[in-house]
Amino acid sequence: MDAINALVVLANFVLIPAVTYGSQLALGALGVTLIYGILRFSNFAHGDTMAFGTMTTILFTWWFQSMGISFGPLPTALLALPFGIAGTALLLLGTDRVVYKFYRAQKAAPVILVIVSMGVMFIMNGLVRFIIGPDDQNFLDGERFIISARDFKTLTGLSEGLALKTSQVITVVTAIIVVALLFWFLQKTRTGKSMRAYSDNEDLALLSGINPERVVAVTWILVAALATVAGVLYGLDKSFKPFTYFQLLLPIFASAIVGGLGNPLGAIAGGFVIAFSEVTVTYAFKKVLKYLMPESLEPSGLVQLMSTDYKFAVSFAILIIVLLFKPTGLFKGQSV
Amino acid sequence: MAFLIGDGMTGGYGAGPDILHDCTIAVDKGEIAVIVGPNGAGKSTAMKAVFGMLNIHTGAVRLDGEDITSLSPQARVAKGMGFVPQTHNIFTSMTVEENLEMGAFLRRDEIADTMAQVYDLFPILKEKRMQPAGELSGGQRQQVAVGRALMTQPKVLMLDEPTAGVSPIVMDELFDRIIEVARAGITILMVEQNARQALEIADKGYVLVQGRNRFSDTGKALMADPEVRRSFLGG
């Protein structure tokens with residue numbers, strides 16, 4: 001019984017949150033890795049792209065709510081999501097037309113594009129704060145829990161509860177659907193294959209008659225979808241605050257690099273590696289150990305390796321450790 | 001009149017100095033023309049000029065009588081020219097079959113027949129069609145590269161040192177395949193380091209020196225020419 005209680009505590013505070021957070025990071029990292037693989041630069045504006053997508057979705061959610069439209073037990077934000085994606089796609093295509101296209105025509109070095117993307121980042125950052133403000137926004141509605149901790153206790157008779165939030169299940173299910181669609185698109189469709197070809201060998205892709213401007217446009221649209229979905233899922237699960245999204249850039253980049261930049265499978269693996277390490281390193285294991293150890297050995301401290309304030313340090317530590325042993329990431333990514 | 005001709009081409013890369021000087025390369029329909037010459041003679045440059053990859057300020061390129069001097073390389077692909085670069089000529093992360101599909105990207109019709117023809121020409125590719133092309137051996141990669149270019153059903157196939165870096169046995173095999181392609185009615189223009197073998201299969205040979213035509217004749221005549229033998233074929 002004690003072992004089951006320990007397992008329930010672990011699932012409730014470590015496994016489920018880490019899987020959820022990992023899915024969100026994986027979606028974010030997929031966007032970063034797509035841009036790196038196809039447009040060949042690290043996009044520092046990705047966190048703020050996520051913020052913009054989430055903000056647009058929130059605005060549509062509010063509008064729908066004001067009209068009395070709801071999605072039953074599911075959050076209204078899911079209905080607003082396609083509109084958020086469309087708005088973000090327009091923003092990214094516009095940014096590409098106004099900013100990136102110019103540098104592409106000059107065949108600017110990747111490092112210049114990185115700095116350019118930082119400029120874009122600041123503008124998007126300001127745009128989002130200007131429209132929705134810098135404060136926390138909670139936009140989750142519908143049923144909050146699938147199983148609440150109390151229900152779980154009465155249902156199983158265990159002394160520990162396991163809460164399963166709607167947002168967590170939605171996150172994982174949506175992430176699986178999005179990733180499956182993305183891989184199907186890249187592997188099976190003509191456009192998807194042409195994107196991989198362009199990423200693999202730009203000159204040969206041109207010789208084969210692949211239109212680079214089309215590849216770039218489709219990439220931005222995919223990135224808009226990935227970033228908006230990742231941002232909305234994160235916002236539903238926690239809350240939306242522009243600054244938090246800007247900060248998400250760090251674990252997202254760590255995920256993409258750990259997995260191998262430019263490799264979509266790696267981005268997913270990297271997302272989970274970073275999420276699990278962040279959550280396990282900052283979790284206080286006292287409650288789990290209480291059930292597993294004899295009373296006399298019960299830990300007096302929290303058994304927390306690091307305070308949650310240091311969670312970003314974990315991403316970087318993992319990043320450095322992986323890169324020391326595998327410079328192109330866990331999966332073979334492109335070396336810079 | 002030659003099917004494909006780069007006539008009196010003079011020019012170089014970007015704003016740099018001229019590399020080609022009044023250089024003429026021509027090939028008749030269904031024939032094999034080979035460009036040979038010492039290192040730095042401008043062999044690859046001449047071929048790239050024919051394909052539109054560098055600017056020629058004097059001279060013209062004509063395909064089947066049509067002036068294509070101002071067309072981009074991509075537009076020339078659409079006109080029926082296939083080009084196999086010397087290096088980076090395959091999509092390494094994609095399967096053999098996907099490489100062929102990408103070769104046919106411009107085509108909107110059914111490509112299965114062309115793909116079957118490529119597999120008939122290179123049976124080993126059919127065996128490995130689901131394998132990433134980057135995992136193949138050097139000779140097999142060259143077959144993928146040639147196969148990719150054939151997927152557009154080109155009228156002219158241009159090969160930049162197709163046998164660079166492959167073993168002599170594989171080289172002979174590649175030359176056999178190239179002859180087979182030519183017999184199917186596809187005009188071939190190629191640059192070769194292995195001058196002797198290349199001239200043996202060539203209907204027409206061009207020896208370039210410092211961006212100029214030095215000798216132009218049939219492959220056999222060049223092989224028989226004592227001066228060409230002494231200077232370029234090692235006796």
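Start by selecting B:Asp64, which counts as partly exposed because it has 16 C-beta neighbours inside 10 Å (buried means 20 or more other C-beta atoms within 10 Å of a residue's own, exposed 12 or fewer, partly exposed in between, with C-beta atoms placed from the backbone). Its phi is near 55 degrees, a positive value in a residue other than glycine. You are in the loop between S4 and S5 of chain B; helices (H or I, at least four residues) and strands (E, at least two) are DSSP runs numbered from the N terminus.

Before moving on, note that this is a predicted model, in which local features need pLDDT of at least 70, side-chain atom pairs count only at pLDDT 80 or more, and totals for chains, interfaces and linings use all residues. Residues are numbered from 1 along each chain as its sequence is written, while chains are lettered from A and ligands numbered from 1 in the order in which they are written.

Now jump to B:Gln153, in the loop between helix H6 (138-150) and S7 of chain B. Here too phi is positive, at about 55 degrees, and the residue is not a glycine. B:Gln153 counts as partly exposed because 16 C-beta neighbours lie inside 10 Å.

Next, pick S7 itself, residues 156-160 of chain B: five of its five residues are buried. Which residues sit on each side? B:Val156, B:Met158 and B:Asp160 are on one face, B:Leu157 and B:Leu159 on the other.

Strand S6 (residues 81-84) of chain B pairs with S7(B) in the parallel sense over four bridges (strands pair if DSSP finds at least two bridges between them), and B:Met81 has B:Val156 as its bridge partner. Strand S8 (residues 187-191) of chain B is joined to S7(B) by five bridges, also running parallel; look for B:Ile188 opposite B:Leu157.

For a contrast, colour the open sheet of four strands in chain B, ordered S2-S1-S4-S5 with antiparallel pairing. Its edge strands are S2 (20-27) and S5 (66-67), each pairing on one side only. Strand S1 (residues 4-12) of chain B connects to S2(B) through five bridges, with B:Gly6 partnered by B:Ile25. Show helix H1 (residues 43-51) of chain B as well: it lies across S1, S2 and strand S4 (55-63), at about 70 degrees to S2(B) (axes are lines fitted to C-alpha atoms, for helices over the stretch in contact, and angles run from 0 to 180 degrees between N-to-C directions).

Switch to where the chains meet: 13 residues of chain A are in contact with 17 residues of chain B, contact being C-beta atoms, placed from the backbone, within 7 Å. Helix H7 (190-200) and helix H8 (202-207) of chain A each supply at least two residues of the side of chain A that touches chain B, and H7(A) gives the most, with five.

Finish in chain A, with its 13 helices and two strands. Select helix H6 (residues 166-188) of chain A, where A:Ser167, A:Gln168, A:Ile170, A:Thr171, A:Thr174 and A:Ala175 are buried. What covers them includes helix H1 (2-39), strand S2 (164-165) and helix H9 (212-237) of chain A. Zoom out, and the C-alpha trace of chain A spans about 70 × 55 × 35 Å along its principal axes.

Definitions and conventions: Two residues are in contact if their C-beta atoms, placed from the backbone, lie within 7 Å.
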